[in-house]
Amino acid sequence: MEIRSIELPNNVTLPYVEHGNDEGVPVVLLHGFAGSWRSFSLMLDHLPGSIRAFAVTQRGRGDASKPRKGFRFDHFAADLAAFMDALQLEASVVVGASSGGFVARRFAVDHPDRTLGLVLLGTPATLRGKPLVEQMWESTISKLNDPVDPAFVRQFGEATVAPSVPESVVEEMIEQALKLPAHVWQRANRGLLEDDSLNQLEEIAAPTLIVWGDQDPLSPQSE
């Protein structure tokens with residue numbers, strides 16, 4: 001699969017892969033906190049031919065640019081809009097996995113005319129007030145320095161998957177997470193904790209599919 005990259009007007013470069021029919025419905029896939037486009041690599045071959053999929057690595061992650069600032073969800077949503085502009089995508093279905101869902105719903109609020117549909121995969125309603133998340137910030141993430149401790153990255157990666165996930169998938173996740181410098185861990189995490197899009201969900205008009213996993217500790221069914 002050919003890995004391409006595109007430089008946005010804000011000088012941020014995002015790697016991405018494209019899969020499917022050029023005439024298909026555009027679908028942009030957004031990974032979670034420490035992932036990359038590779039989070040969707042096993043899924044792409046299973047998508048129907050009616051879909052033209054773009055799996056993109058967001059700023060700060062994988063081999064994308066790692067600026068010192070710009071890690072609120074309005075920044076990520078603006079990157080997505082610029083990415084679609086560059087590829088001449090007038091509108092798209094936006095799929096967000098985990099924290100990528102925060103980007104997706106921010107985009108749906110900010111760009112309703114460009115959102116054909118919304119898919120949220122294991123996306124929490126909010127991370128505010130969740131003891132596990134706040135404890136990790138206070139005890140570890142807020143204190144990270146470069147190079148980030150590989151033991152912490154492995155612990156973080158292994159904590160986000162169920163035991164049945166193949167080891168090769170887990171190792172790929174950890175490899176990508178090791179590419180995040182300390183400032184990305186910290187500023188992106190602060191962006192998660194400060195997100196207030198939960199208060200704007202009624203502004204989302206796009207048809208929305210919510211996918212929930214019964215072994216996901218951060219996204220209970222009640223949300």
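**Salt bridges, a helix face and the nonpolar cores**

D110 is partly exposed, at 35% relative accessibility. Here, buried means under 20% relative accessible area, exposed means over 50%, and partly exposed lies in between (1.4 Å probe, protein chains only). The model is predicted, so local features need pLDDT of at least 70 and side-chain atom pairs count only at pLDDT 80 or more, while totals for chains, interfaces and linings use all residues. Residues are numbered from 1 along each chain as its sequence is written, and side-chain values use heavy atoms, with hydrogens and water left out.

The side chain of D110 forms a salt bridge with that of R106 (3.0 Å, N to O). A salt bridge is a side-chain nitrogen of Lys or Arg within 4 Å of a carboxyl oxygen of Asp or Glu. Side chains of opposite charge can pair when their charged atoms come close. R106 is buried, at 10%. Helices (H or I, at least four residues) and strands (E, at least two) are DSSP runs, numbered from the N terminus.

The whole structure holds 14 salt bridges. One of them joins R190 and E194 (3.7 Å, N to O). Both residues lie in helix α7, four residues apart. R190 is partly exposed at 31%, and E194 is partly exposed at 41%. Shared partners also link E2, R4, E18 and R52 into one network of salt bridges.

Helix α5 spans residues 150-159, and its residues F152, V153, F156 and G157 are buried. Seen down the axis, these buried residues fall within an arc of 130 degrees, so they line one face of α5. The arc is that of the directions from the helix axis to the C-beta atoms. On the other side, P150, Q155 and A159 are exposed. The buried residues of α5 pack against α4 (131-139), α6 (167-177) and α7 (182-194). Contact means heavy atoms within 4.5 Å.

F152 also belongs to the largest nonpolar core, which has 52 residues. A nonpolar core is a set of buried Ala, Val, Leu, Ile, Met, Phe, Trp, Tyr and Cys residues joined through side-chain atoms within 4.5 Å. L30, F33, L80, F83, F152 and W185 have the most contacts inside this core. Helix α2 (residues 73-86) gives the most to this core, with eight residues. A second, separate core of 13 residues includes A53, A55, V93 and V119.
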